[in-house]
Structures are given as C-alpha cells and as structure tokens.
Amino acid sequence: MKLFKKISRILCAVSATACLVGCAEKFSEKETKYYVVYSDILNPDGLLCGIDEDGNYTSSVKINLRDGTNVGFADGMTVIGGGRANTHMLIDGDGEYKEFYLLDEPNYTGVCAVTTDGDKMISSMNGGFSDGVYLNLLVIQDISGNVDVKEIIEIYAEDIICVEGTVYIVGAMDYAGEEDGWIGKIISYDTESGEMSEREFEARKPLGEIQCLGDRLYCSAYELNGGCKEIYVIDRLTLDKVGILTFEENISGLLTSEGKLYFETGGVFCEADPSDGSVAASLYTLPEGGYIEYAAASEGRIYITTRFDVPRDDGGNDPVVGVQAECVPSDGTVTETPVRMDRSKYSFFVPVPAF
C-alpha cells in the first residue's frame with residue numbers, strides 16, 4: 001500500500017470553481033511553484049494548497065494538522081510538526097504527503113522540534129515538568145510508526161538536526177526556584193551506540209537555531225525576552241564551546257548551505273564569514289515590515305519565508321501574509337512568490353518548494 005497521497009486538483013466532488021482560501025474563485029492553470037500547508041492553533045482541520053508564481057491557488061486538499069509550526073527540511077523533504085497536538089505530516093516537492101502520529105498515540109502532546117534522517121522521523125516531543133525539570137522525549141521512528149528510540153531528555157528544545165548519525169538538540173533547561181532560571185543547553189545522541197552527551201552554557205541565554213559546518217556547530221543564543229546578537233560556535237564531537245560570534249544588530253534565520261554560513265541582520269539576508277561573523281555578501285533584502293519565519297536550503301538554493309504581522313492588501317484579492325523567496329547564491333538571482341491566507345480560518349503557513 002502506498003504511504004503517500006497525491007494532492008488532487010479536485011477535492012472530493014468539489015469543482016475547480018469552488019471557493020477555497022479567502023476569495024479564490026478558481027484554480028490557476030499555471031504550474032505549481034509551492035505547496036503551502038495551512039493550520040490553526042485549535043482547529044485540527046488544516047489545508048494543503050498548491051500556488052503558482054503569482055500566489056494563485058492551483059490545488060487544494062484538506063489535511064489533519066493542528067498548529068503546524070515546527071518545521072524540518074532535509075533531502076528535499078519537509079516534515080511539519082504540530083506544536084500543540086500530535087498531528088504531523090511529511091510532504092515532498094511533488095505534493096505527495098503522509099499524515100502521521102508519533103509513537104502511534106494520537107492523544108499525546110505535540111513536538112518542540114522535528115527533522116528527518118532518511119526514512120526516519122526525529123523529534124523532541126513535549127513531556128512536561130517532573131521535579132522542577134522540564135522533560136522532553138527524543139523519539140526516532142519511521143513513517144509507518146515503528147519506534148527505534150524513545151528516550152527522556154532534560155531540555156526544552158528549540159531546534160534539532162541530524163548529522164552523520166548523530167542527533168543534536170538545542171534549547172534550554174529551566175531550573176525552578178533558582179535565580180538564573182533558563183540555562184542554554186545542547187544534547188547529542190548517537191543513533192548507532194545510543195550514547196547521549198550534553199552541555200550547559202550561560203544562564204538566561206536559551207539556544208535557538210542550530211546549523212553545522214564541518215566539525216563545528218553554530219547555535220544562535222537568545223537573550224530572555226529579547227533578540228539574538230550572539231552565535232555560539234561548538235565543537236561537534238566534544239560539545240565544548242570554542243567561540244562566540246557577536247553582532248551589533250539582532251540576527252535571525254541562521255542557515256548553512258554549500259559550506260557557507262547565512263543569517264539575516266538589519267532586514268538583509270547575508271552570507272557571513274564563519275570565523276568571525278562578518279558579512280561577506282548580501283543575498284536578499286526582506287520586504288518592508290516582514291520578518292523571517294523559516295529559512296531552508298536544498299541543492300544550492302535557499303528558501304526564505306518572510307511573514308507580515310499585518311496582512312497586505314493585494315489589489316482587493318486575498319490578503320498577502322507572507323512572501324516566499326527563492327535565492328540562488330551562485331548567480332545572485334532571487335524570485336519572490338506571494339503567500340495568501342484566510343486569517344479567519346488559519347494562523348500558520350509553511351511553503352514547500354515544488355520540484
């Protein structure tokens with residue numbers, strides 16, 4: 001039995017002229033450029049739509065996804081995890097997708113971070129507090145629900161990656177009752193041996209995004225209730241902090257691609273020197289009033305999702321809530337695609353490149 005379903009141009013018996021998101025009256029005949037996954041905090045009824053280069057809808061199908069805000073992108077596949085509910089989906093660039101529950105327990109809570117490694121789903125699941133410590137579960141399973149790993153981990157995870165068989169999880173520990181409170185932390189887990197290692201860092205500086213270049217991990221360090229002006233450089237094998245990159249302005253969208261380091265600062269997405277964080281080249285200027293929601297890379301291309309807090313009026317059409325930029329650093333080209341959303345039904349969106 002085939003595990004994935006193909007997004008259809010016709011949803012059940014609904015014709016191509018049916019009303020979809022917002023005021024869309026019919027499907028575009030142009031090629032699909034992105035698939036966009038829509039979800040809401042409380043409503044489990046999500047939507048998967050194709051959009052063309054102008055942001056017009058090319059297809060639509062209902063999906064079971066709630067609060068799809070945790071995103072992993074690897075090997076051309078996108079995995080989207082429900083932050084508050086155990087509803088998740090895996091989707092590829094052809095619009096083929098699979099809905100699944102982690103641990104085969106639909107009523108379990110959601111995930112803090114999720115990624116893929118080959119045919120494995122790797123996630124840090126919400127676990128709650130125990131004796132003043134926030135516990136998560138490291139879960140590794142395949143798409144059919146066969147669980148390889150279910151380990152308690154003491155961290156509130158923000159991001160997770162897998163590099164050459166080792167899982168790295170970053171976030172923070174909450175020491176209840178202590179003055180310093182949140183402590184930045186990293187955990188590594190060897191998927192072959194089962195060996196787990198961890199390191200704690202400065203107080204009041206949770207770690208956010210994590211990326212890898214060679215034998216170094218680059219982790220954004222955030223001020224509590226503030227932005228990020230530091231990147232910790234961590235030895236991938238020992239987990240020792242070997243350096244700190246500091247910046248005058250906040251940075252976001254930390255990313256590595258083709259052996260290079262990227263991030264946004266001052267509204268510009270840049271290539272940076274990994275040795276000192278200095279800007280080597282400007283790649284893309286974000287639309288005015290926008291901020292980076294997601295950044296991902298695949299096959300020499302960088303995908304930047306910009307979101308607006310206040311939707312923009314697009315000539316009387318559906319409100320534009322974001323712009324998806326596709327950047328090719330090798331030739332400097334940038335292509336933008338508007339993303340629309342009916343905010344009365346959905347709160348979150350995740351674009352997936354069509355290949």
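Modeller: Let's start with a rule: two strands pair if DSSP finds at least two bridges between them. Strands themselves are DSSP runs of E with at least two residues, numbered from the N terminus. This is a predicted model, where local features need pLDDT of at least 70, side-chain atom pairs count only at pLDDT 80 or more, and totals for chains, interfaces and linings use all residues. Residues are numbered from 1 along each chain as its sequence is written, and side-chain values use heavy atoms, with hydrogens and water left out.

Biologist: How do you know that β19 and β20 pair?

Modeller: DSSP needs at least two bridges, and 5 bridges join β19 to β20 (residues 241–246), so they pair as antiparallel strands. Valine 233 has glycine 243 in β20 as its bridge partner. In their hairpin, with 5 residues between the strands, leucine 239 has a positive phi near 65°.

Biologist: What joins β18 to β19?

Modeller: There are 7 bridges between β18 (residues 216–222) and β19, and these strands run antiparallel. Tyrosine 222 faces cysteine 228 in β19 across this pairing.

Biologist: Why is aspartate 67 called buried?

Modeller: Buried means under 20% relative accessible area, exposed over 50%, and partly exposed in between (1.4 Å probe, protein chains only). Aspartate 67 has 2% relative accessibility, so it counts as buried. It lies in the loop between β4 (57–64) and β5 (68–74).

Biologist: And why does glutamate 299 count as exposed?

Modeller: Its relative accessibility is 71%, so glutamate 299 counts as exposed. Glutamate 299 sits in the loop between β25 (290–298) and β26 (301–312).

Definitions and conventions:
Helix = DSSP H or I, 4+ residues; strand = E, 2+ residues; numbered from the N terminus.
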